[in-house]
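Subject: Structure for your files

Hello,

Here is the structure I promised to send over. My notes on what was found in it follow below.

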Amino acid sequence: MSVSTQIPTTGRAWHLVARPQGWPTAADFALREVPVTEPAPGRILVRNLHMSVDPYMRGRMNDVKSYIPPFQLDQPMDGGAVGEVIASAAEGINVGDHVLHGLGWREYAEVEAAHATKVDGSLAPLSYYLGILGMPGLTAYAGLFETASFKEGDAVFVSGAAGAVGSLVGQFAKIKGASRVIGSAGSDEKVALLTGKYGFDAAFNYKNGPVAQQLKAAAPEGIDVYFDNVGGDHLEAAIGSLKVHGRATLCGAIAQYNDTEPPAGPRNLALVIGKRLRLQGVLVGDHTGLQQTFVQDVAGWLRSGELQYDETVVEGIENGVAAFLGMLRGENTGKMIVSFTR
Ligand code: NAP
C-alpha cells in the first residue's frame, strides 16, 4: 500500500533542448515544470536534495553510441542524485528514508525501488554519496589500485588533480606509500591546495607553460603511474615521463570533450613499445565488486583525518546548468554539487 506525505502537483526538471556543437550554451537547456505523480507499485517518489554534475554528461549531450545512451531531446536529463523519500509503494523503503539514485536534474523523481540505494545521513553528509563515497571516489580507488596496479614506492602523476576524482587519486597514493605524488591543475590556488592541504609532493599549473616541461621539472626521475583525467598534451607528457614498465590509467579526456575536431595527440605513442608501457582504460561500472573495501577504506581514512575532501556547492536547481558549465571550466575545487533548497 502506498504511504505518502504531501505530494506537489508539479516540479522543475532540466531538459536538453538542442545538441551542443562545441561548448554548450544556456540555450541548449530548458528548466520546465513537469507533473509529479504518486509512485506506481514497486516504486518510490523522492524529493531530491543534491544532484551531481559530472564531465561524462557532456558526452551524453551528443547523439552518438557510447557506453551510456545519449540524453533524449525534450526529455528530463538524468544523473546521480540523493534525496528524501516522500511517498513509497515499495517494500523496504519508507517515507523519510534517504536514497541515492540515477534521476537527478529534477526536483522530484519517481524511481524504481530496485534502482535506489538507501544512504545514511548520520554517517556522512548526504552529498558525499555523490562524491568521495560514491561514483567519483570508486573511480579513483579502482583506477589507481586495480587498473594501474599501484604499489608502494611508485611515483604517481595525476591530472585534473584538484577535482573530484583527481584529488582522491593523489591522496590515496600518498596514504598507500607512493614515493612521490605530482598533480596538475588549472590555477595557482589549486596548485597551492595540492601541495598544502592534500599533501602532494609537487604540483604545477598547466596553464603556466608546456606540460611536458613542467612534469619533467616536478618528476626529474620519471613516474611509474599516470592517472589521466585530461588527455591531449597531458597524456603525451606522461608517456614521455613514464619509466620502463610504467602504467597509465586512462580515466577521462576532459580537454577534448568540447572539441569539434579530433585531437592531434599524443604524438609519441611509439614510446609505449620501447618502454613496454601499459595504457588501460577504466570504467567505474566494471568495479562495483570493490564497493565494500572502497567504502571501508575511505570512511576509515576520513575518520582518521588522513583524507581531505572538498566540495563546491551551487545552490538551487535553476543554477544546475551554470554549475555543470562551471565544472567544465574548472570553477570547482573537489566535487561540484548542486543542492536544492526549495
Ligand atoms: P572534476 O575533476 O571534479 O572537474 C572537471 C575538472 O576538469 C575541472 O575542475 C577543471 O579543473 C578540469 N579541466 C577542464 N578543462 C580542462 C582542460 N582543458 N585541461 C585540463 N583540465 C581541465 O571532474 P571529475 O568528476 O573528477 O572527473 C575527472 C575526469 O574523470 C573526467 O575526465 C571524467 O570524465 C573522468 N571520469 C571517468 C570515469 C570513468 O569511469 N572512466 C568516472 C568518473 C570520472 P582545472 O581548473 O584543473 O582545469
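Domain 1 and domain 2 bury about 1300 Å² between them, and carbon and sulfur atoms give 56% of that area. Buried area here is the accessible area (1.4 Å probe) that two parts lose on being put together, summed over both. Gly131, Asp310 and Thr333 supply 27% of what domain 1 buries against domain 2, more than any other three residues. Domain 1 covers 10-131 + 310-339 and domain 2 covers 135-285; these bounds come from an automatic or database domain assignment. Their centres, taken over C-alpha atoms, are separated by 29 Å. To the contact (heavy atoms within 4.5 Å), domain 1 brings 18 residues and domain 2 brings 15 residues.

Before the rest, two notes on the source. This is a predicted model, in which local features need pLDDT of at least 70 and side-chain atom pairs count only at pLDDT 80 or more, while totals for chains, interfaces and linings use all residues. Residues are numbered from 1 along each chain as its sequence is written, and side-chain values use heavy atoms, with hydrogens and water left out.

Overall fold

The protein has nine helices and 16 strands, counted as DSSP runs (helices H or I, at least four residues; strands E, at least two) and numbered from the N terminus. Its radius of gyration is 21 Å, close to the 20 Å that the globule rule gives for 342 residues, so the protein is as compact as a globular protein of that length. That radius is taken over C-alpha atoms, and the rule is 2.2 Å times the number of residues to the power 0.38.

Cores

A nonpolar core is a set of buried Ala, Val, Leu, Ile, Met, Phe, Trp, Tyr and Cys residues joined through side-chain atoms within 4.5 Å. The largest one has 42 residues, among which Ile132, Phe172 and Val298 touch the most other members. Elements that each supply at least two residues of this core include helix 3 (164-175), strand 10 (180-185) and helix 8 (291-304). Both domain 1 and domain 2 give residues to this core, so it lies between them. Leaving aside residues up to four places away in sequence, Val298 touches Ile132, Leu133, Phe172 and Leu307. There is also a second, separate core of 21 residues, which includes Leu16, Met57, Ile317 and Phe324.

Helix 9 (residues 320-329) is mostly covered, with eight of its ten residues buried. Among them are Val321, Phe324, Leu325 and Leu328. The cover over the buried residues of helix 9 includes strand 2 (10-16), strand 4 (43-52), helix 1 (56-60) and strand 16 (335-339). After helix 9 comes Gly330, whose phi is positive, near 95 degrees.

Met61 sits in the loop between helix 1 and strand 5 (81-88). Met61 counts as buried because its relative accessibility is 0%. Not counting residues up to four places away in sequence, Met61 touches Leu16, Arg19, Pro20, Pro24, Phe29, Phe71 and Phe324. Gly80 lies 19 residues from Met61 along the chain, and their C-alpha atoms are separated by 16 Å.

Regards

Technical notes. Buried < 20%, exposed > 50% of the residue type's maximum accessible area, 1.4 Å probe, protein only.
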